Amino acid sequence: MEVSLLGGSAVMAGITRRLDPVARAERTTLITGPTGAGKDVIAQSLHARSRRCHEPFIAVHCAALPDSLVEAELFGHAKGAFTGAFQARGGLVRTAERGVLFLDEIDSLSLGAQAKLLRFLETGEFRAVGSDQSEKSDTWVIVATNQDLRGRVQSQLFREDLLYRLEVVRIDVPPLCQHRDDITVLTAHFLGEVGCQHKYFSPAACRRLASYEWPGNVRELRHRVESAALLCDATEISEDELGLPEATEPATAASGERTVKATLWQMVEERGMTLAQATAACEKMLVSAALEAELNNRARAAARLGINVRTIYKKLSVPPGSS
Ligand SMILES: Nc1ncnc2c1ncn2[C@@H]1O[C@H](COP(=O)(O)OP(=O)(O)O)[C@@H](O)[C@H]1O
Ligand SMILES: [Mg+2]
């Protein structure tokens with residue numbers, strides 16, 4: 001499968017540089033990032049760059065599999081393992097033999113399936129549902145998520161030991177608004193994909209493409225560019241034809257950041273704070289948020305913030321002029 005991971009921005013170049021070494025190592029790999037950021041493209045491109053490129057690439061959307069079926073889907077089942085299992089059936093781990101098994105939305109895997117997956121990752125062995133025989137499969141497992149797996153560990157929805165296993169090789173894909181330099185090249189590529197390489201965006205449309213928040217990331221950019229190009233009769237595509245919503249977009253991480261910024265600035269103005277005082281006040285707020293999240297367990301709150309317990313006490317004392 002031919003996949004091209006585009007983008008010469010510093011962040012994307014950093015990711016691209018790591019692909020060949022990761023593909024050579026064939027170690028279990030975790031890809032994180034928001035929806036539409038390019039996690040699938042990266043998984044496919046790892047496969048394409050690996051020795052397994054001529055073997056299957058099997059993508060599984062874990063969220064789409066019902067809990068009751070997921071283990072049988074992945075690991076297969078023995079004859080008579082459950083009502084309706086008239087025949088033994090191999091699972092996707094078998095289908096992906098010698099190739100890549102891409103488990104997307106790994107966060108939604110049931111705890112039972114997580115346990116089986118961990119065992120498979122550690123030993124290369126698995127057992128089909130209803131079978132007492134261990135089987136082996138040589139499969140490179142790549143997983144992806146748009147969720148905070150650490151948070152899911154805290155709420156006991158995700159196994160901590162599995163997270164440790166997955167985190168060893170990790171690729172974090174940033175949202176598009178953090179690598180805006182790539183918008184021009186991506187836009188040109190998507191125009192070409194729908195045979196509209198002769199079309200171009202007006203200066204106002206270009207400014208809008210460059211400044212929009214893109215909550216749906218590259219996927220949203222692709223859809224906007226492709227549909228504008230296909231629906232527009234003229235060679236020049238106007239800003240209106242992009243159909244992007246006005247600045248009143250729903251709350252996203254980016255608009256959340258703007259709100260935080262405005263609130264912080266208001267605090268600085270109202271209280272006449274210096275940068276040092278405002279930073280200390282922010283640290284205090286984060287320490288108290290961590291304490292709340294950890295039910296006042298100071299050791300755990302400190303661990304989450306990567307500081308030691310004594311620092312927690314220090315940060316909590318109010319610096320002059322900031323209360
Ligand atoms: N760096 C990139 N270069 C080219 N196309 C990309 C890139 N990132 C994302 N895309 C395109 O954007 C869309 C969404 O990407 P995808 O990998 O499915 O995102 P995710 O899996 O993170 O939701 C796809 O059509 C993909 O081809
Ligand atoms: Mg995806």
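Ala, Val, Leu, Ile, Met, Phe, Trp, Tyr, Cys and Pro count here as nonpolar, Asp, Glu, Lys and Arg as charged, and the others, Gly among them, as polar. By that scheme, the shell around ligand 1 holds eight nonpolar, four polar and four charged residues. The model is predicted.

**Where ligand 1 sits**
- Ligand 1 takes up the space of the largest pocket.
- Ligand 1 lies between domain 1 (10–174) and domain 2 (179–242), because both domains give residues to its shell.

**Who surrounds it**
- The shell around ligand 1 counts 16 residues.
- Leu-6, Gly-36, Lys-39, Asp-40 and Arg-222 come nearest to ligand 1.
- Helix H2 (39–49) supplies at least two residues of the shell, and helix H10 (217–231) also supplies at least two.

**Polar contacts**
- Leu-6 uses its backbone: an N or O atom there lies 2.8 Å from a nitrogen atom of ligand 1.
- Ala-37 also brings a polar backbone atom, 3.3 Å from an oxygen atom of ligand 1.
- Arg-222 uses its side chain: a polar atom there lies 2.4 Å from an oxygen atom of ligand 1.

**Cover**
- On its own, ligand 1 has 550 Å² of accessible area.
- The protein covers 88% of that area.

Notes:
Residues are numbered from 1 along each chain as its sequence is written. Chains are lettered from A and ligands numbered from 1 in the order in which they are written. This is a predicted model: local features need pLDDT of at least 70, side-chain atom pairs count only at pLDDT 80 or more; totals for chains, interfaces and linings use all residues. Side-chain values use heavy atoms; hydrogens and water are left out. A residue is near a molecule or strand if one of its heavy atoms lies within 4 Å of it. A polar contact is a pair of N or O atoms within 3.5 Å; within protein, one must be able to donate a hydrogen and the other to accept it, and residues adjacent in sequence count only if both atoms are side-chain atoms. Accessible areas come from the Shrake-Rupley method with a 1.4 Å probe; for residues, only the protein chains shown count as cover. On a 1 Å grid over the protein atoms alone, a cavity is a set of points where a 1.4 Å probe fits but cannot get out, and a pocket is an open set with protein on both sides within 12 Å along at least five of seven lines; lining residues have an atom within 4 Å of a point. A molecule sits in a cavity or pocket if more than half of its atoms lie within 2 Å of its grid points. Helices (H or I, at least four residues) and strands (E, at least two) are DSSP runs, numbered from the N terminus. Domain bounds come from an automatic or database domain assignment.
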